[in-house]
Amino acid sequence: MTRLLHLLLRRMPIGWLQLTHNRMRLVAAVAGIAFANLLVFVQLGVVASMSNVIHLAFTPFSADIIISPPSPQLFGGALLSRRIVYMALADPGVAAATPLHLGNMEWKRPAGMSKDLIVYGMAPEASAFAGETISARQLAVLALPNRVLLDSAFQNIEQATNEVAFAPMSPETPLEFEINGHGVSAVGSFSLGSGFGYDGALFMSDQTFQRLVPERTSGTLSHVLVRLKPGADPDTVVRRLTADLAEEHVQARTIAQTIADDVKYMNTEAPMGVIFGIGVFIGIFVGLVIVYQVLATDVAAHMKEYATFKAMGYPHRFLLGIVFEEALIIAFLGFVPGALLGAGVYAVMGAATGLPLGMTAARAVVVLIGTFAACMISGTLATLRLRGAEPAELFG
């Protein structure tokens with residue numbers, strides 16, 4: 001390590017030698033940085049998983065524009081009137097429009113276990129609005145009553161359905177079960193997974209949705225999905241729909257804008273997003289304090305050596321370079337175990353909750369850069385005493 005740093009710095013690695021002179025202090029510093037990195041990784045992972053869950057919630061359907069109640073979230077807000085579908089179809093840029101029904105359902109099991117589901121309902125003939133995870137063929141199969149598509153990423157699906165294994169389902173080999181007092185047949189699957197507040201999802205026709213959720217009628221819907229004619233500009237159509245529907249107290253947005261609004265709300269206004277966002281800053285602050293304490297103690301312990309360098313004519317930037325060298329070494333040595341522990345925690349949390357958690361290269365690079373920056377700031381603060389001091393005062 002000494003030789004490698006000598007080649008990189010083109011001088012004797014004084015910072016490394018000072019750190020290794022007191023190995024227990026170095027171990028404590030590395031452990032502290034690793035802990036701070038772990039805190040930041042966990043907080044960032046949860047925040048990212050909230051965004052991932054929101055994106056996944058939009059994958060069962062597809063549209064150019066969505067007309068919604070004035071709420072930033074997909075699952076939330078008041079219900080809409082069916083007449084909004086016909087008002088949207090009157091726009092010259094709209095090719096098709098269809099209702100989307102969304103709801104929540106508690107799936108009670110005989111053993112006392114219950115599962116919370118989010119439920120999608122859409123007309124089987126609306127094949128143009130099938131999303132990434134729902135094919136047009138699957139949508140057509142749902143035309144018969146009480147047929148549903150079951151989320152294949154359902155948390156603990158084997159326990160919920162009393163099945164030994166989650167076998168492939170089809171109209172010929174359906175999975176029969178009961179929900180809300182109605183027998184249903186799962187004739188296919190799609191992948192969504194659990195989220196914050198639910199364990200899985202069901203997708204069904206609008207008619208089946210109304211049977212399973214009797215308080216909802218055909219005249220009330222959650223959103224209106226809109227497909228545009230070729231060449232129609234989405235922003236222009238959104239402006240026209242916003243003006244035409246002004247008295248209906250709804251909002252028309254592109255799908256991309258709707259997702260962005262949902263993510264922004266979750267990260268900046270929802271209590272969970274705010275809490276985990278604050279947790280990121282707490283982790284950074286912990287890292288700053290730990291590195292500052294280590295470097296300030298090291299500077300104080302080697303004050304006479306720094307005084308000697310200054311008396312020999314070395315500029316302050318040389319002394320600062322030594323402390324920066326220590327800071328960067330501590331940052332790198334602490335980042336490696338922190339990243340490994342973070343990946344392990346992601347795996348455990350993902351397996352336990354079913355949330356889309358995982359280490360990404362981009363996140364690791366961001367945390368590494370942030371760790372270097374925090375250590376550089378701490379190093380700068382730790383050398384403030386050296387800047388204006390005279391060699392004689394340092395020896396004193």
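D261 is partly exposed, with a relative accessible area of 22%; buried here means under 20% relative accessible area, exposed over 50%, and partly exposed in between, for a 1.4 Å probe and protein chains only. The partner of D261 in a salt bridge is R253, at 3.0 Å from N to O. R253 counts as buried, at 8% relative accessibility. A salt bridge is taken as a side-chain nitrogen of Lys or Arg within 4 Å of a carboxyl oxygen of Asp or Glu.

The model is predicted: local features need pLDDT of at least 70, side-chain atom pairs count only at pLDDT 80 or more, and totals for chains, interfaces and linings use all residues. Residues are numbered from 1 along each chain as its sequence is written, and side-chain values use heavy atoms, with hydrogens and water left out.

**Salt bridges**

The structure holds four salt bridges, including those in the table.

| Pair | Closest N and O atoms |
|---|---|
| D64 and R227 | 3.3 Å |
| R240 and D91 | 2.8 Å |

D64 and R227 form a salt bridge. This pair ties together parts that are 163 residues apart in sequence, because D64 lies in the loop between α3 and β1 (65-68) and R227 in strand β10 (residues 223-228). Helices (H or I, at least four residues) and strands (E, at least two) are DSSP runs, numbered from the N terminus. D64 is partly exposed at 27% relative accessibility, and R227 is partly exposed at 22%.

In the salt bridge of R240 with D91, R240 belongs to helix α8 (residues 234-244) and D91 to the loop between α4 (83-89) and β3 (94-108), so the pair links parts 149 residues apart in sequence. R240 is partly exposed at 30% relative accessibility, whereas D91 is buried at 4%.

**Largest pocket**

The largest pocket holds about 320 Å³ of space. On a 1 Å grid over the protein atoms alone, a pocket is an open set of points where a 1.4 Å probe fits, with protein on both sides within 12 Å along at least five of seven lines; lining residues have an atom within 4 Å of a point. Points are joined across faces, edges and corners, and the volume is the space filled by probe spheres set on them.

Of the 16 lining residues, Q73, F75, F196, Y198 and M266 are the closest to the centre of the largest pocket. α3 (23-57) and α9 (255-268) each supply at least two residues of the lining, and α3 gives the most, with four residues. The lining divides into 11 nonpolar, four polar and one charged residue. Ala, Val, Leu, Ile, Met, Phe, Trp, Tyr, Cys and Pro count as nonpolar, Asp, Glu, Lys and Arg as charged, and the others, Gly among them, as polar.
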